[in-house]
Amino acid sequence: MPIPIRDDPMVDHDPANPQVMSAFYRRLFPYRPFFLWLNQDHVPAKLYTHREFAFTLQGDVYIRYNSFHTSDDFKKEVLRLNPSRFEIGPQYSARPRDRKTLAAGALQPQRRELVFDIDMTDYDEIRTCCSDKKICKRCWGFIAAAVKVLDHALRETFGFKHLLWVYSGRRGIHCWISDQHALDLNDDQRKALVTFLEVIKGSKEQSKKVNVRGAKDDADLHPALKDGLDQLKVDFVKLILRDQDCFRSERGWEALLAILPADRDVIGPLRSKWQSSPTASSEERWADLVDAVKVLRKGNTTLFRKYERAMEDVILQYTYPRIDAEVSKHRNHLLKAPFCVHPGTGRVCVPVDPSLVDEFDPDTVPTVGELLNELDRIPPEHVEGGTKRRAEDYEQTSLKPYVEMFEEHVAAILKDGRGVKRALKEESMDF
Amino acid sequence: MFKPTTRHNIASSSHLPEVKLSKRHSTSGQPSSRWPYRLNFYERPPTLDITLEEFETFAIARLQVLSHIESLSHRSLPYAQLSTAIATYLKQHLPLSSNTARNVDLDAERRKDEIGHWVLRLAFCRSPDLRARFLRSEISLFRHRFETDDVAERAQFLRSLEFDWQLVDETEKSQYAHELRTCMPWGTKDEQFKAESWFKVPWYTVPDLVGARRVFIKAGMAYVPQSLQISLVLQAFGSRLEKALELTAKNLPRLDEDERLFPVIDHLAASFLSGLGASDYRPDGETSGAVVTADMVDDVARKHFPPCMRNLYERLKRDRHLKHFGRLQLGLFLKGIGLPLDEAIIFWRKMYGATMSDDKFNKEYKYNIRHSYGQEGKRANYPPKSCQQILTTNQPGTQDSHGCPFRHFSPENLQNFLISTYPQIDRSSPEMRDIMDSVKTAHYHVACTRVFEVTHGLKKGEGLSKDGESVVHPNKYADRSRELEREKLEAVKAKDEDVSMD
Ligand code: SF4
Ligand SMILES: [Zn+2]
């Protein structure tokens with residue numbers, strides 16, 4: 001008598017198991033929207049055929065400079081290699097796979113989505129709930145705050161429309177921008193944009209990491225940063241003062257004092273007060289600081305302004321997006337593709353809706369194991385499917401809403417692309 | 001001669017000058033309407049007669065300027081210092097005056113400027129790397145000239161370019177008054193704000209202003225105040241030149257009409273790749289007067305040799321032997337610093353010492369030494385090798401000691417060599433970091449210049465001369481080093497005399 005495995009919730013679907021990954025690639029990976037997303041057209045274009053894919057195989061073998069004529073070719077190769085994950089590079093001036101037969105220098109990166117990478121490691125010095133490779137719903141608050149600010153800036157300031165946010169599978173989030181203008185940016189332009197957005201700079205050894213007010217540290221914030229600051233004020237109270245309670249411990253409040261202007265009459269009393277109340281909450285300490293600064297308003301306006309600005313900078317330092325600038329600056333930087341499986345956690349790198357990012361909980365992201373279990377549970381008659389349209393496998397799993405979100409995103413890109421193409425055609429008829 | 005032919009029309013649309021050389025130097029007399037302004041976007045290929053000599057010398061002059069600008073720009077000098085350094089150098093090598101200048105042949109200057117630019121385009125369009133470096137230096141050069149230009153003439157020039165920048169109207173200006181104002185320098189006055197006007201351009205056309213957060217940006221458009229117009233101009237200059245270079249590269253194979261041009265173009269490109277202008281060493285009168293004898297070499301080496309020669313010399317002392325290219329590199333250098341032939345023979349005999357019989361020395365080595373002094377064979381007087389030659393020709397093999405330490409040593413060996421050779425440098429000093437950074441980016445001569453500065457008590461950026469020249473030739477390194485020593489001695493002497501006066 002056969003044992004009904006599919007009722008066994010303990011079936012082991014470890015992503016390190018090649019068969020698990022192979023089943024995932026065979027039955028669940030959304031090849032069609034994935035192709036359209038990169039190609040921005042139904043017929044394979046250079047954006048796809050000249051694009052670099054890099055595969056990481058089990059055992060950390062890394063194969064670069066793959067490229068494919070069609071989505072089917074790609075799928076075949078993925079099934080053959082059964083990689084643990086893969087990354088996407090730029091469209092090159094020639095097919096990356098031909099690189100050995102090309103003249104030196106003939107393989108130049110040309111177009112590429114503008115990408116961003118935010119990783120929890122950069123918040124290790126601030127977060128109090130976890131450290132290291134861990135991430136929980138609470139520290140996701142940092143990522144959520146960052147996504148909201150960055151998403152706003154990229155849309156409102158830079159005018160981009162097609163942003164895809166993707167959970168990186170463990171501790172971070174990626175953003176892919178597919179607007180034509182974004183694809184066309186050269187490295188200098190990317191660098192300029194990143195430098196514009198980058199606010200937190202400096203190493204471990206530097207306590208004040210926000211220096212955005214010119215050489216004298218006295219200018220007003222750039223309107224775009226002011227925008228960000230206004231958004232972040234709310235998160236600062238919720239996240240830093242209440243949830244993470246960053247200034248409760250001595251290490252925490254000393255870190256705060258270290259980035260404020262060093263005026264003895266302000267800092268001195270605060271320090272002794274805080275030393276004598278070791279259990280005060282961050283909110284209370286922040287209120288103390290606000291009071292101390294308020295007093296200055298009447299007596300010493302210069303110093304008051306200085307502290308006022310410094311407190312804004314504190315908010316930025318604790319909540320403003322910490323982006324990995326190098327990832328964004330160069331077209332040829334490789335970035336893990338959406339819908340890959342994170343080899344450590346088994347979670348799928350799913351799209352994230354930026355307007356719901358506060359509610360996003362990394363722990364609820366489907367793992368490859370859960371998805372395969374869901375597939376196992378589909379009744380057999382369903383699998384045979386009669387004359388009715390056979391449902392795609394993913395549609396019967398919790399991957400469905402994510403694939404749909406992705407498809408909507410891709411449809412919007414294609415619609416825009418068609419508009420662009422029509423405009424180009426009309427233009428060329430003018431001549 | 002960029003000579004007008006029927007094909008010229010095609011050429012101008014493809015950004016490729018039609019080049020044919022004429023035999024003679026044509027006298028000027030071109031209508032100055034070709035160059036109404038000092039500034040030039042170089043959009044029309046020249047159609048002038050030109051001799052091969054002009055073709056080469058104009059290009060070399062410009063090449064030296066660009067190389068100089070390039071190495072200066074890698075030394076992170078304060079802006080004012082950089083600007084004066086460029087100005088002094090330009091005055092000497094490629095002067096270009098405004099319309100208001102008197103007693104200057106404007107046409108001759110502008111013609112030279114234009115031709116040099118176009119020849120270098122041919123030389124530098126051929127690889128992405130060369131194109132990028134050429135572009136960068138040309139932009140810096142243009143920027144410098146733009147900033148130092150006569151204000152009225154510059155305004156006319158800009159009008160002639162007919163840019164289609166979108167002007168921000170009053171309604172929009174008042175709508176974003178607060179934002180626009182915030183982006184102006186801190187402390188801008190009300191009247192200044194009222195008087196200012198803005199252009200609206202896609203943000204990515206002014207990356208420098210965006211990176212520095214100097215402009216307000218909304219919905220992808222950057223609001224550039226008139227006062228920052230230079231960024232727009234440079235961007236336009238750069239992007240047009242970049243496109244033109246790519247086109248030239250595609251069309252270059254058509255330039256096969258005169259094979260005399262190719263060697264020149266190749267040489268120019270090679271020079272630039274090594275980071276140097278095409279320069280030969282000709283000892284200047286003052287230093288060449290000072291004769292060095294075989295006995296003095298050791299002392300001079302310690303005080304004045306550049307790293308490459310210091311390395312060869314130490315090797316020679318230790319191994320009592322050098323391989324062929326090493327002997328050549330050091331030998332010619334010694335000739336350059338003033339070691340006469342007879343002293344050279346004594347020097348080498350002494351260095352080889354007992355490891356070599358007199359017989360062998362006389363038969364095999366003496367001849368070579370005499371040969372390198374032009375006393376045998378073709379009797380050519382070989383000049384000492386320039387950094388460019390050392391960097392790019394006869395790459396040293398595993399047993400060789402010649403070459404340039406900055407280029408040919410591994411980073412670890414280079415560091416060890418520098419530390420053990422120069423007491424002024426230690427492993428973790430900021431100077432060492434500067435040096436290794438330059439090496440990493442393949443700016444070997446910049447690294448060498450830094451060593452010169454550190455070992456001669458000079459400030460960063462002072463270089464070999466007043467205009468911050470960098471090392472392009474080992475002999476210039478040594479000459480300047482000895483000159484500095486002389487200056488110091490004289491200063492001390494002068495002081496002594498002062499003292500003895502009272
Ligand atoms: S840069 Fe020139 S002088 Fe300096 S070590 Fe290299 S070759 Fe010698
Ligand atoms: Zn946590």
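Over all chains, the count comes to 57 salt bridges (side-chain nitrogen of Lys or Arg within 4 Å of a carboxyl oxygen of Asp or Glu). This is a predicted model: local features need pLDDT of at least 70 and side-chain atom pairs pLDDT 80 or more, while totals for chains, interfaces and linings use all residues. Residues are numbered from 1 along each chain as its sequence is written, and side-chain values use heavy atoms, without hydrogens and water.

Select A:Asp151 and A:Arg155. Their side chains form a salt bridge, 2.8 Å from N to O. The two are about one helical turn apart because they lie four residues apart in helix H5 (residues 140–157) of chain A (helices are DSSP runs of H or I, at least four residues).

Next, show the contact between the chains. Chain A gives 28 residues and chain B gives 17 (heavy atoms within 4.5 Å). Chains A and B bury about 1,800 Å², 65% of it on carbon and sulfur atoms (accessible area, 1.4 Å probe, lost on being put together, summed over both). Pick B:Trp186, B:Trp203 and B:Arg213: they supply 42% of the area that chain B buries against chain A. Salt bridges between the two chains number zero.

Finish at ligand 1. Its surroundings include B:Cys308, B:Cys387, B:Cys404 and B:Cys448 (a heavy atom within 4 Å). Helices H15 (307–319), H19 (387–392) and H20 (405–408) of chain B each give two or more residues to this shell. The shell has eleven nonpolar residues, no polar and no charged ones (Cys, Pro, Ile, Val and Phe are among those counted as nonpolar).

Definitions and conventions. Chains lettered and ligands numbered in written order. Buried area = accessible area lost by both parts, 1.4 Å probe.
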